[in-house]
Protein chains: 4
Amino acid sequence: MQLDLSLYGVRTDLAIEARELAARGGARTIPGVNENVEEADGITITRLSVTTAAGSQAIGRSLGNYVTLEVPGLRTGDTGLQQKVAEAFAREFEEFMARIGIGKDAPVLIVGLGNWNVTPDSLGPLVVENALITRQFYELVPDQVSPGYRNVSAIAPGVLGLTGIESSDIVQGIVERTKPAAVIAIDALASRSLERVNTTIQIADIGIHPGSGIGNKRRGLTKEVLGVPCIAIGVPTVCYASTIVNNVLEMMSSHFGGTGAPHTKRIMGLLNDISEQERLSLVKEVLEPLGHDLIVTPKEIDEFIEDIANVVASGLNAALHEAVDPGNVGAYTH
Amino acid sequence: MQLDLSLYGVRTDLAIEARELAARGGARTIPGVNENVEEADGITITRLSVTTAAGSQAIGRSLGNYVTLEVPGLRTGDTGLQQKVAEAFAREFEEFMARIGIGKDAPVLIVGLGNWNVTPDSLGPLVVENALITRQFYELVPDQVSPGYRNVSAIAPGVLGLTGIESSDIVQGIVERTKPAAVIAIDALASRSLERVNTTIQIADIGIHPGSGIGNKRRGLTKEVLGVPCIAIGVPTVCYASTIVNNVLEMMSSHFGGTGAPHTKRIMGLLNDISEQERLSLVKEVLEPLGHDLIVTPKEIDEFIEDIANVVASGLNAALHEAVDPGNVGAYTH
Amino acid sequence: MQLDLSLYGVRTDLAIEARELAARGGARTIPGVNENVEEADGITITRLSVTTAAGSQAIGRSLGNYVTLEVPGLRTGDTGLQQKVAEAFAREFEEFMARIGIGKDAPVLIVGLGNWNVTPDSLGPLVVENALITRQFYELVPDQVSPGYRNVSAIAPGVLGLTGIESSDIVQGIVERTKPAAVIAIDALASRSLERVNTTIQIADIGIHPGSGIGNKRRGLTKEVLGVPCIAIGVPTVCYASTIVNNVLEMMSSHFGGTGAPHTKRIMGLLNDISEQERLSLVKEVLEPLGHDLIVTPKEIDEFIEDIANVVASGLNAALHEAVDPGNVGAYTH
Amino acid sequence: MQLDLSLYGVRTDLAIEARELAARGGARTIPGVNENVEEADGITITRLSVTTAAGSQAIGRSLGNYVTLEVPGLRTGDTGLQQKVAEAFAREFEEFMARIGIGKDAPVLIVGLGNWNVTPDSLGPLVVENALITRQFYELVPDQVSPGYRNVSAIAPGVLGLTGIESSDIVQGIVERTKPAAVIAIDALASRSLERVNTTIQIADIGIHPGSGIGNKRRGLTKEVLGVPCIAIGVPTVCYASTIVNNVLEMMSSHFGGTGAPHTKRIMGLLNDISEQERLSLVKEVLEPLGHDLIVTPKEIDEFIEDIANVVASGLNAALHEAVDPGNVGAYTH
């Protein structure tokens, strides 16, 4: 019997985590979910497509394409590796746009979701600050724009608590007026494992859905709402304390499950045996004294966020503008 | 003969300065411009109405109402005085809204113009950060909003150079979706005198016009564009170096004009005598080596901006929400 | 049998946590450790004295006095409560100084330990920014200092990784030159429970010891090193992920220990039964993939740190300067 | 007759400006002052030595060596030029250290003077943040330090108003304990011309003298005080409004002096003729309403300071550490 982690209030915004959870039952392949994994230079790239309703239901993710870059080494602050990740991200993002039919010259609007006053939620605004913006030149001096630069605009709409306005309302108004061919939304995510925090980048063509992300974004940024495709770029920057609890239970299960001393094997047998209701109430009991906001982030979040925002912005600049060389992607960020 | 300062590229966003310049010719009253001045507690309040086209032309300002608070003492960082100014501003702003017909319960949208990365241009975004925002409660839990709180939302749309999008495009989209009864736009201004920098607050019902303010806001935020009234709150945070030059020339004129030694009197007679063309080329010669950006701000701008943003936000919160007492206006800002 | 948590790498900088751990064996009182607890207005104040070597060994803390304020409600951002805590802290700190013989007019040096670039480690520098500093007036215009203001100086010496210099070397040099009667060192701490993070303030007269705190402070700030008493003010701003693991194990133990279903009771019996070596390796196995830096902090750390730094600075200003009234302690901070 | 600008309260911290002023009388060379000027790539490098007491008196500067890099183009934000300036500065600084006898392996202490809360005064702290610090490795793991890295430590001691302690007291204590072979002090300066603000870097071996710089640093950082040489790196980030007044008067003089219409020639003759007392009272009359703090800085100071701090830190890192290549000097700064 596998642990049904959804009962523990496990939250994940990452498709690969949803897929892992689904695989707990033992299924190595899931019908309607295509997967391709590539590893090089310490970067694992997983390309995952959910192609059928059954596949969607199996992993609890919308139909669509998901590309994930996992780079455990990003935590070490290695600037050489950061550069490599920016380049790999640029390649993947360029291919991703081509695959979903966004042309090389199509104007795009970058939306940096999140709250700049809350460090782990500030990824989106930070990427916007470092994005290479050109739309004003296309508007004011169109004949002077150098070739190789796409028409790019950007906005960090803030969060509902600060503005009183849904991000989707702000973005819809801008899309109607400025007519981009696609929206690229950057958002900080929640992961179900501390290891993935600040080491993983996800690209998905499903937009931003109500309730995902760590901020207040009730209405979605989706093709249905906006009228144009919305590519979401997400980086997990926090995880729920409950997921650490779950990690421990899982570790205990795998650690003691097989080869342990006879009575520890028996413990785990029993642990797996207790009713899910009991397990749920256990986790609740642990978490309740701490209130509803039990979301944690590594102590070094300031530096991690700055580094990963630079990686994403550099990669995005290189992917969006032909004239920006993956070799000099850093030059346009602060 | 008075100096025709417009020839020196003098720029001012303040109606009282425009009125002063117009008064150089000696006119104590200007037809079509009503003026009322009140002084108490170190705060000079000037209420000025431009009521006819002739008045508008005479002072080079649009038809409309202008209230200015001048508080030279604000430079001393006196927190007691700041509190008094916030209260006076709250009173004036409340009256101003009543006079132009914005009801006590009318929803408003605050727009913080300017660039948060450029200290003297960050007034608008700072006021937005400290404004008491309630619209989300009206949207999500309307029956739970305490009486005395108006429906207030806010946005800091950024500047064209950072977003590629005109602020007016962003604001128009929001106004269409959220239907406020009025827009309140906060902006950093340029003054023609260093004394007024960070010591003066102007309220006007003429909106934000193309080319005014110190940032990039070509299209206006006016009733014509937005469909609802736009009240502009402005604080001069910079002045042009050219205005310092002009100040010197004027000072020389007044200093030596009357009672000086015989040959200094003759100097000034001659100075006034030289052709305006010569004077213009003089100022240009002084300024050209420095490029087009010759805008200066006091060294202590960081502290001044923080103080005045708190004054404006505190006053605004008290004026907009009946439940916020002018005596505790500070409680809602950081 | 109780869990011996030290085996799990549990770290705590709080005396009350050390005392709690020591009490696990069932001892309600510990010889050589005097304790007095007072609760009012949502603030629990624990005054703890370690008076004998035996007491010191029992709880693993130096001989000395420890006062702890626990205020779970601080997480709610209630400014009224913050004010109350600042006042309570001011009273306790004043008494604490009197008890260890620091006179009302004795000059003090405030040392804000930690790294201003790492939000959860920036408490010390933030308190220094908001402290009311007067030593320069005593030096330059001694006859003009108003009565009621103590001679106070302050330094945020940075961390070894940024300066290459031990904080203790910097502080010793300053103490030698400026001759304060006492040093007050502010530091961010690690707690063993998430609940205490940003809700607890500890005052202790034992100085700062090597290896305590969350930054790099190998050499201590103690009376032995400095030649004058050093009072440490600490606030836990992070906790180790391992302590969350431990919390879970404890919760499981207490939850299922007594009244659970028969087999869950058996689980816990067995859990308690497994060798400590097994438990240790379990925790290690959970933590190792994440590297050595597995320190977490709540997502809202930016706001929490700002709030608690204001509370500490306000309280400190009121405690140090007679002329600063506990009722207006906020007036001197930003 | 030349203008005696000292009467106008002209302040300059730059040796080249002092030399320019001295040259007003017409002297092309000044006995006891050697000068060598080199221009390439938009960078003008002036190497000036004051070798005799007479020379010192003539230009009002201490005996010593001064190297100035003037780069008007720095205002344009051209990152390629910034890189070139960093490289030129690295070369000059390396030669400068060699000339005054500081060996390639001599440990140095970098002191970043100024106030991080006042943008134009934050140059020193910003350079410290971006300096490559190694002393901790020399102390803790001396055998593991790679060749090519000098022993470098750094401190930003704050300003008297924030700490209550003179910077020189803090630095002296550190020098005594850590025994560097030299101190390198970075400070923001005042220039007498707006053009030089943020476009000029001065290196001098005379230390920091009481009253120079724009902050509060009454006691000096000199070889006499510290016991080791102190190299000062200064960048003008502000200028006095009075110097703008003077610029205007000078411009008027040169503009109208020769070829103007007869009566403008007569104006200037008269202007030069009025008593210095009258001129002084004129400037005072202009400045007095504005208080004593009439120091201005360009509106874009935030960006300028960040750029020039990066240039100085990059250049310093390359000059101090052989292993840091002038080609990659940027890699070690943020």
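Is Trp116(C) buried, exposed or partly exposed? Select Trp116(C): the residue is partly exposed, with a relative accessible area of 32% (buried is under 20%, exposed over 50%, partly exposed in between, with a 1.4 Å probe and protein chains only).

This is a predicted model, in which local features need pLDDT of at least 70 and side-chain atom pairs count only at pLDDT 80 or more, while totals for chains, interfaces and linings use all residues. Residues are numbered from 1 along each chain as its sequence is written, chains are lettered from A and ligands numbered from 1 in the order in which they are written, and side-chain values use heavy atoms, leaving out hydrogens and water.

**Aromatic pairs**

Over all chains there are six aromatic pairs; rings of Phe, Tyr and Trp (its six-membered ring) pair if their centres lie within 6.5 Å, and planes under 30 degrees apart count as stacked, over 60 as edge-to-face and the rest as tilted. Select Phe89(C) and Phe93(C): the ring centres are 5.7 Å apart and the planes at 35°, so this pair is tilted. Both residues are buried. They sit four residues apart in helix α3 (residues 79-99) of chain C, about one helical turn (helices are DSSP runs of H or I with at least four residues, strands runs of E with at least two, numbered from the N terminus).

**Salt bridges**

The whole structure holds 34 salt bridges over all chains (a side-chain nitrogen of Lys or Arg within 4 Å of a carboxyl oxygen of Asp or Glu). In chain A, select Arg47(A) and Glu38(A), which form one at 2.9 Å, N to O. Arg47(A) is buried at 17%, whereas Glu38(A) is partly exposed at 40%.

Next, Glu139(A) and Arg135(A) form a salt bridge of 3.6 Å, N to O, within helix α5 (residues 135-140) of chain A. Arg135(A) is buried at 7%; Glu139(A) is partly exposed at 44%. Finally for chain A, Glu17(A), Glu70(A) and Arg196(A) are linked in a network of salt bridges.

**Arg47(B)**

Move to strand β2 (residues 43-50) of chain B, where Arg47(B) lies. Arg47(B) is buried, at 16%. Its side chain makes polar contacts with the side chains of Asn36(B) (2.6 Å) and Glu38(B) (2.9 Å). A polar contact is a pair of N or O atoms within 3.5 Å; within protein, one must be able to donate a hydrogen and the other to accept it, and residues adjacent in sequence count only if both atoms are side-chain atoms.
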